[in-house]
Each structure stands twice: as structure tokens, then as C-alpha cells.
Amino acid sequence: FGPLGRFGYKHKRIGEKLYLNLLAEAESQKDNWPPIKAGLFRNSYERFEKVASTILAHINQMHYF
């Protein structure tokens, strides 16, 4: 589980796709994406991708915003 906060709110209520923009940026840079290079997700884009897809599914299922 990850707190969805502003990403979830803006995605569902306002229509801003900030999270999708973040995913696109990460995908374009993969292992060279600065958060991955800094050590997040054990320096693995594949690990980030698994976590990110789970969070996106959760955002898409939200009904409380």
C-alpha cells in the first residue's frame, strides 16, 4: 500500500494525470531516472514498474474522492 494523496485526488477529481506523467517520465529514462539512480526501488526500474502499476490500479479503483 502507498498513500495516494494528491496524485489520487487530482487524478480522480480534477482530471490531472500527474501520476501518468510521472510514469511516462520514469519509463522514458528507465534505470537512468534520477529516483532510481538515487537508490529508490533498489536501483531497479523493473521493481518501480511493479509498484507503480499496483498503485495505478488502486487509483483507478478509488471511489472516495
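Lysine 30 is partly exposed, as its relative accessible area is 38%. On this scale, buried means under 20% relative accessible area, exposed means over 50%, and partly exposed is in between (1.4 Å probe, protein chains only). Lysine 30 sits in the loop between α2 and α3, the latter spanning 34-37. Its phi is near 45°, a positive value in a residue other than glycine. Most residues other than glycine have a negative phi. Asparagine 43 also deserves a look here, with a phi near 55°, again positive in a residue other than glycine. Asparagine 43 belongs to the loop between α3 and α4, and it counts as partly exposed because its relative accessibility is 46%.

The model is predicted: local features need pLDDT of at least 70, side-chain atom pairs count only at pLDDT 80 or more, and totals for chains, interfaces and linings use all residues. Residues are numbered from 1 along each chain as its sequence is written, and side-chain values use heavy atoms, with hydrogens and water left out.

The overall fold can be read quite simply. The chain has 4 helices and 0 strands, which gives the pattern α-α-α-α along the sequence. Here helices (H or I, at least four residues) and strands (E, at least two) are DSSP runs, numbered from the N terminus. Of the 65 residues in the chain, 26% are buried.

Leucine 18 is located in helix α2 and is partly exposed, with a relative accessible area of 32%. The C-alpha atoms of leucine 18 and arginine 6 are 9.1 Å apart, although the two residues are separated by 12 residues along the chain. Helix α2 covers residues 18-29 and also contains glutamate 27. Glutamate 27 counts as partly exposed, with 46% relative accessibility.

The aromatic residues come next. The structure holds 3 aromatic pairs. Rings of Phe, Tyr and Trp (its six-membered ring) pair if their centres lie within 6.5 Å; planes under 30 degrees apart count as stacked, over 60 as edge-to-face and the rest as tilted. Phenylalanine 41 and phenylalanine 48 make an edge-to-face pair, at 5.1 Å centre to centre and 75° between the planes. Tyrosine 45 and phenylalanine 48 form a tilted pair, because their ring centres are 6.0 Å apart and their planes lie at 40°. These two residues are 3 residues apart in helix α4 (residues 45-61), so about one helical turn separates tyrosine 45 from phenylalanine 48.

Ring pairs connect Trp33, Phe41, Tyr45 and Phe48 into a cluster. Phenylalanine 41, in contrast, counts as partly exposed, at 26% relative accessibility.
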